[in-house]
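Please look over the sequence and the structure shown below before reading on.

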Amino acid sequence: MASVSDPPTRKAAAAAARAPPRDFLAHLEAYLARRDGVDKLLKISRYAARLALAAGPPLPPPASARLKSFESSVGLSRKAFRLGKFVQDVNALRAARPGGSPLPLPPPLVLLAYGGEGVYYFLEQFVWLAKAGLLPAHLLPRLQRLSAWAELLGYVGSIAVKLKEVAKMESSIKTMRLKEDCGEEEDEALRTMRGKLLLKRLSVVQDVADAFMALGDVTDGKGMLGSSTLTASAGLLSALISTHKNWKSC
């Protein structure tokens, strides 16, 4: 039986659950301290430059050459931020192994998602070394092709896993909304769940955009996949979504 003091208690709990707004500069410092934070800002710069070259008004030859050089340099710089990044996928695979299973393997879709991404990040280290001149240049085309295939397979697995997670979250939200007595705490939990669902949906859109670019790399940009405007737009969309996600999470 609920006591008279329950409503104020719920309000207090809900108020405590709402985090106070963070200082902008402190938040920015935390964001820039992340490897992914800086990497996504570089990604925005790169694809904004590529979109300007593809869809913007014609530029004078010197300005166009400088913008192309900038875009290429930023692309190479981003690869340096991927050094050792495959380790996070190795750890994700280790954490995804089902408890008590005789086979030390995670579910197939999870294996495809993290395995593909991990192989991609591992190969990208050698792509960077080849582009930087430390490895022979003749290795670059093969490394890039293998890297693109691994990236594409990783995104296929990631999209499938996230769509299943989106379905589960939608089901949970529907169940919460069907409750007859929904107090302040439940309202706050529902808002939190809706926020997480939005981020998960955005993550799916980001993966689809990145998969589109990876498919273009695999097919050597044939047909629609060769459109510089579409590729640059997909890259910019992916970068903006990732920047938003990283900003919200730090």
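## Helix α3 and its partners

The crossing of α3 and α4 is left-handed, a term used when the near helix is turned anticlockwise from the far one by less than a right angle, with right-handed used if it is turned clockwise. This and everything below is read from a predicted model, in which local features need pLDDT of at least 70 and side-chain atom pairs count only at pLDDT 80 or more, whereas totals for chains, interfaces and linings use all residues. Residues are numbered from 1 along each chain as its sequence is written, and side-chain values use heavy atoms, with hydrogens and water left out.

Helix α3 covers residues 35-55 and helix α4 residues 61-80, and the two pack at an angle of about 150° with their axes 9 Å apart; axes here are lines fitted to C-alpha atoms, for helices over the stretch in contact, and angles run from 0 to 180 degrees between N-to-C directions. That angle makes α3 roughly antiparallel to α4, given that angles over 145 degrees count as roughly antiparallel, those under 35 as roughly parallel, those from 65 to 115 as roughly perpendicular and the rest as oblique. Among the residues that make the contact are Leu 42, Tyr 47 and Leu 53 of α3, together with Leu 67, Phe 70 and Val 74 of α4, where contact means heavy atoms within 4.5 Å. By class, the residues of the contact of α3 with α4 divide into eight nonpolar, three polar and eight charged; Ala, Val, Leu, Ile, Met, Phe, Trp, Tyr, Cys and Pro count as nonpolar, Asp, Glu, Lys and Arg as charged, and the others, Gly among them, as polar.

Helix α3 also packs with α9, and their axes come within 8 Å and cross at roughly 155°. That makes α3 roughly antiparallel to α9, and α3 passes α9 in a left-handed crossing. The contact of α3 with α9 has 10 nonpolar, 10 polar and four charged residues.

## The pair α6 and α7

Helix α6, residues 108-131, packs with helix α7, residues 140-177, at an angle of about 150° and with axes 7 Å apart. The two helices are therefore roughly antiparallel to each other, and their crossing is left-handed. In the contact of α6 with α7, the residues divide into 18 nonpolar, six polar and five charged.

Two residues of α6 can be followed individually. Tyr 121 lies in this helix and is buried, with a relative accessible area of 9%, where buried means under 20% relative accessible area, exposed over 50% and partly exposed in between, for a 1.4 Å probe and protein chains only. Leaving out residues up to four places away in sequence, Tyr 121 touches Arg 82, Lys 85, Phe 86, Gln 88 and Asp 89; Phe 86 is 35 residues from Tyr 121 in sequence, but their C-alpha atoms are 5.1 Å apart.

Asp 207 is in helix α8, residues 184-218, and at 4% relative accessibility Asp 207 counts as buried. Beyond four places in sequence, Asp 207 touches Tyr 155, Ser 158, Ile 159 and Lys 162.

Ser 242 is found in helix α9, residues 228-249, and is buried, with a relative accessible area of 5%. Its contacts beyond four places in sequence are with Lys 40 and Gln 206.

## Whole chain and confidence

The protein has nine helices and zero strands, assigned as DSSP runs numbered from the N terminus, with helices being H or I of at least four residues and strands E of at least two. Buried residues make up 32% of its 250 residues, and of the contacts with a separation of 6 or more, 72% join residues 24 or more positions apart.

The mean pLDDT is 86, and 86% of the residues reach 70 or more; pLDDT is the predictor's confidence in each residue, from 0 to 100. Confidence is highest in α6, at a mean of 95, and lowest in helix α1, residues 6-17, at 44. Over residues 1-17 pLDDT stays under 50, and the model has nine contacts beyond four places in sequence for this stretch. Where pLDDT is low, the predicted coordinates should not be read in detail.
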